[in-house]
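Please examine the model below before reading further.

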Amino acid sequence: MGVFKIEGGVSLKGEITPQGAKNEALQILCAVLLTPEKVRINNIPDIIDINKLITLLDHLGVKIERNSSSSVTFQADQVNVSYLETEEFKKEGGALRGSIMIVGPLLARFGRGYIPKPGGDKIGRRRLDTHFEGFINLGAKFRYNREDHFYGVEAEDGLVGADMLLDEASVTGTANIVMAAVLAKGTTTVYNAACEPYLQQLCKMLNSMGAKISGVGSNLLTIQGVENLGGCEHTILPDMIEIGSWIGLAAMTRSEITIKNVSWDNLGLIPNTFRKLGITLERRGDDIYIPAHTDGYEVKTDIDGSILTIADAPWPGFTPDLLSIVLVVATQAKGDVLIHQKMFESRLFFVDKLIDMGAKIMLCDPHRAVVMGHNFQSQLKATTMSSPDIRAGISLLIAALSAKGTSTIQNIEQIDRGYERIDERLRAIGAKIERA
């Protein structure tokens with residue numbers, strides 16, 4: 001396993017460009033299975049999880065042509081559906097949570113889709129019910145091999161449109177159902193649909209391929225099924241989770257950083273949430289400029305003077321993927337912050353590592369933590385730690401870059417799963433970080 005060695009307490013300066021959005025790419029790459037025609041995808045992030053999915057598509061028989069490091073053309077005109085029942089696929093598909101989203105396209109186009117119990121971050125229970133209940137509503141038959149933890153759906157006579165109310169606004173569940181419904185007979189309505197920018201991007205791409213999806217951007221989608229889809233070219237949005245990570249990095253290291261080409265219109269509450277922590281953000285065209293916070297940043301209390309609470313919620317609420325970053329940033333704020341992680345019961349379990357570094361954090365229960373900021377009166381101390389998941393990993397990396405002394409982060413493959421060449425890009429703006 002690789003490690004990062006980080007010399008903290010160094011002020012950074014310069015420009016950094018966010019990678020393509022990981023969560024969008026996982027959906028978009030699965031959608032290439034819906035057509036035998038060529039689909040060109042641009043701004044693909046070069047990260048472990050995405051490369052695993054591209055390898056999985058290759059093993060399914062999808063033709064892959066590299067146009068550049070971030071642009072790939074796919075053609076799924078000779079898909080080998082029988083590969084889904086091989087032992088190799090059970091091992092490969094189980095290593096990547098995003099592989100669940102191949103099921104909808106395969107079911108729609110070939111009448112069957114299988115998947116082993118997918119892996120991913122260990123951040124709490126992550127249900128698959130929404131996906132499969134949606135497929136069943138469209139007429140698929142569900143089967144589950146408990147011994148092998150292997151899921152399957154089949155629809156020999158094709159899918160039929162249906163009205164459904166999702167039990168949760170699952171992003172991947174909505175994406176999977178939409179990809180299945182675009183080739184179903186008749187009309188499908190999906191209420192309580194997720195409406196994240198990534199899901200909007202998927203719907204726009206499918207419409208450009210010939211799908212008929214209306215209500216994009218709302219929680220009520222209407223999908224008129226079509227007989228087939230054609231090829232297209234699609235460009236992935238910048239990763240808003242990475243953008244939030246760089247905002248947190250700038251604040252914690254009191255650095256002057258410009259984040260380039262952020263697609264401001266798709267950032268939702270992210271800028272204002274960091275502003276509530278007292279962080280100054282300036283919009284310069286489509287860039288974010290963050291000045292060096294040499295005097296620190298002060299938390300804004302609620303209108304009635306009560307403690308600021310930052311909680312996650314389905315879009316357009318604040319994304320749960322950035323709560324770990326906000327928690328770390330709050331450790332050096334002037335004031336107190338209550339972090340409420342509603343969606344995942346294990347995502348706050350990295351705070352003990354921050355406490356070891358000198359942060360003042362009280363873990364109230366698995367979902368809530370109160371952070372009492374140091375206001376830079378006491379610098380975090382360097383330590384040795386391990387990255388439990390992608391978002392905790394980047395949060396610990398930000399903490400290490402702000403800390404006094406040299407820290408070591410183990411299990412950095414977790415960080416590499418979601419962040420492209422992060423050590424190289426950080427060194428380019430002055431960070432002292434080495435991969436060993």
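A residue is called buried when its relative accessible area is under 20%, exposed when that area is over 50%, and partly exposed in between, using a 1.4 Å probe and the protein chains only. The model is predicted, so local features need pLDDT of at least 70 and side-chain atom pairs count only at pLDDT 80 or more, while totals for chains, interfaces and linings use all residues. Residues are numbered from 1 along each chain as its sequence is written, and side-chain values use heavy atoms, with hydrogens and water left out.

A salt bridge is a side-chain nitrogen of Lys or Arg within 4 Å of a carboxyl oxygen of Asp or Glu. The whole structure contains 22 salt bridges. In one of them, lysine 13 pairs with glutamate 256, and their closest N and O atoms are 3.5 Å apart. Because lysine 13 belongs to strand 2 (residues 13-16) and glutamate 256 to strand 14 (residues 256-259), this pair ties together parts that are 243 residues apart in sequence. Strands here are DSSP runs of E with at least two residues, helices are runs of H or I with at least four, and both are numbered from the N terminus. Lysine 13 is exposed, at a relative accessible area of 58%, whereas glutamate 256 is partly exposed, at 27%.

Another salt bridge joins glutamate 233 to arginine 40, with 3.9 Å between the closest N and O atoms. Glutamate 233 lies in strand 13 (residues 232-235) and arginine 40 in strand 3 (residues 38-42), so that distant parts of the chain, 193 residues apart, are linked. Glutamate 233 is exposed, with a relative accessible area of 54%, and arginine 40 is partly exposed, at 33%.

The side chains of glutamate 85 and arginine 143 also form a salt bridge (3.9 Å, N to O). Glutamate 85 is in the loop between strand 5 (72-75) and helix 3 (87-94), and arginine 143 is in strand 7 (residues 141-145), so the pair ties together parts 58 residues apart in sequence. Through shared partners, salt bridges join Glu85, Arg112, Arg143 and Glu154 into one network.

Which residues line the largest cavity? They are Pro197, Tyr198, Leu237, Pro238, Met240, Val262, Ser263, Asn266 and Leu267. A cavity is a set of points on a 1 Å grid over the protein atoms alone where a 1.4 Å probe fits but cannot get out, and lining residues have an atom within 4 Å of a point.

Technical notes:
1 Å grid on protein atoms, 1.4 Å probe; cavity = no way out; pocket = protein on both sides within 12 Å on 5 of 7 lines; lining within 4 Å.
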